[in-house]
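Let's take a friendly walk through a protein model together.

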Amino acid sequence: MPLRLWWDNSAPLAGAPGAHVLIATQESWRQIAQDIAASGARLLALWTSVGEAGNSTVRAAMLMQPGILVVSLPLASRDTRYPGLEDIFPAASRMQRAAADLTGIFSTDPDSRPWLRHMAWGRDFYPLEHTASQAPLSPPPIDEYHFLRVEGDGVHEIAVGPVHAGIIEPGHFRFSVVGEKVLKLEERLGYVHKGIERRFTEMPLLEGHRLAARVSGDSAVAFSWAYCQALESMAGVTIPPRAQWLRALGLELERIANHLGDLGALGNDAGFAFGFTQFYRLKESLLRATEQALSQRYLMDFVVPGGIRAHLSASGAAALERELTGLMQELPKLRDIYDEHAGVRDRFAGTGVVSPELAARLGLIGLAGRASGQAFDLRVDLPCAPYGDLEMKKCVRVEGDVLARVAVRFDEVTGSCRIIQSLLRTLPSGPHTAPVPVPAAGALGVGIIEGWRGPVLLALEAGANGQIQRCHPQDPSWHNWPVLEHAVIGNIVPDFPLINKSFNLSYSGHDL
């Protein structure tokens, strides 16, 4: 069926601009995915739900030219296997495995290895279906997790993690190498077991934004805004213009802070300590100005249902204006130093290449995708207020190496500084929050925000008595971790930290 017909048969859905929902059957589920993939659209998220009556549903959110299409597949029972999408969208495999760990709803994907469980619960216990009292008392047996092996003369394995020599969260990396050249990398993530998706089901709808902000702390504004976007649309609330402008200000501050930190860390991984100290000095100065203006260094509780928590005073706005003016004066000088330093450029250029063709095939998104020719940015292509009123430009490169990902960061810092300056100069007056009633039970909404790493999606279902029935947050790292495995092939082992940092994917956003 032509893609347009699928869209015409869908219905509007609460949440992000252009969001629609389409009910699929077992027969049409894969056909819809194939038609969407053939059009160049991409998979954003896949999750499963078990209803109070035992009814089960698989949902997939697709990013299409008209907007977001959520395809829902009702299942006759939890024991019904649904058709897997891993051959159509490679990123779907880990999402399907994670969904099976949480709900016991399995796809036909031949890779059924556990992804999130890690002995945290038994094989027949599913956190989103069973209660804690139903968990077995004895510790579950150890899983035999079979990594894919590379055989041949001179091939050996290097195991890194899951515990690292630093403060980063756990992740296991299994390298197959000849000498120092990487032939293959396989990751295993999901070690933290925060229980976020289960915790959402125990919370009132009007409080879930606080947990959403903590899915991945470096994307607090993006996740809490996505949550509130879904909630407010389900409740039929339009937030005041001032709140819209200030949410965008918070999101761009979050983007700048993360890019500055990464630019410093990338210099450090290239053996250029000067870059590390300079960019972390700039990041610290920005965080102090953010605290002065908005009462928090990291904006964990800035976005609330109906608007924003903190009021921006004239003195706070002036502090941010001064900080951004100074940052924009220093940034070109530091960029010239990075560009002209022979050692840094040698480490960045041609390292960790993801071609535009491979990026499109594997569904690379966000910052890393734009560095590999995937010219999509929600702030431009599917803008929510106030981005439609701002002069936004996409920052895109095609080389797909570490140098390209560094260049996109530099470009986006400059762009975000200009956006914030424009927001500060055109900030509407009026209230910064509005009341939000509790949505009716059974309501479904989807929020999607272009975070600093890429599109952050959050699907929300309202339960009875103002509770959350189901909340699924999706970090863009789900799509990009598998691409990192390809980016490192053919490089030497010492370049992996540099390649890894150039993506800077979230462990926390993966451990739900």
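The report below looks at a group of strands, then at a serine, and then at some backbone features.

This is a predicted model, in which local features need pLDDT of at least 70, side-chain atom pairs count only at pLDDT 80 or more, and totals for chains, interfaces and linings use all residues. Residues are numbered from 1 along each chain as its sequence is written, and side-chain values use heavy atoms, leaving out hydrogens and water.

Start with strand β6, which covers residues 68–75. Helices (H or I, at least four residues) and strands (E, at least two) are DSSP runs, numbered from the N terminus. Seven of the eight residues of β6 are buried, where buried means under 20% relative accessible area, exposed over 50%, and partly exposed in between (1.4 Å probe, protein chains only).

Which strands pair with β6? Two strands pair if DSSP finds at least two bridges between them. Strand β3 (residues 19–23) runs parallel to β6, with five bridges; here Ala19 stands opposite Ile68. Strand β5 (residues 56–63) is antiparallel to β6, and eight bridges join them. In that pairing, Ser56 has Leu75 as its bridge partner. Four residues lie between β5 and β6, and the two strands form a hairpin.

**A serine in strand β4**

Now find Ser49, which sits in strand β4 (residues 42–50). Is Ser49 buried or exposed? Ser49 is buried, because its relative accessible area is 6%. Its side chain makes a polar contact of 3.0 Å with the side chain of Glu461. A polar contact is a pair of N or O atoms within 3.5 Å; within protein, one must be able to donate a hydrogen and the other to accept it, and residues adjacent in sequence count only if both atoms are side-chain atoms. Leaving aside residues up to four places away in sequence, Ser49 touches several residues, including Ser56, Ile105 and Arg470; contact means heavy atoms within 4.5 Å.

**Backbone features to look for**

Most residues other than glycine have a negative phi, and most peptide bonds are trans. The table lists some exceptions.

| Site | Backbone value |
|---|---|
| Gly161 to Pro162 | cis, omega about 10° |
| Ala385 to Pro386 | cis, omega near 10° |
| Met119 | positive phi, about 65° |
| Asn504 | positive phi, about 45° |

Pro162 belongs to the loop between β7 (155–160) and β8 (172–178), and Pro386 to the loop between α13 (378–381) and α14 (402–425). Met119 is partly exposed, at 35% relative accessible area, whereas Asn504 counts as buried at 15%.
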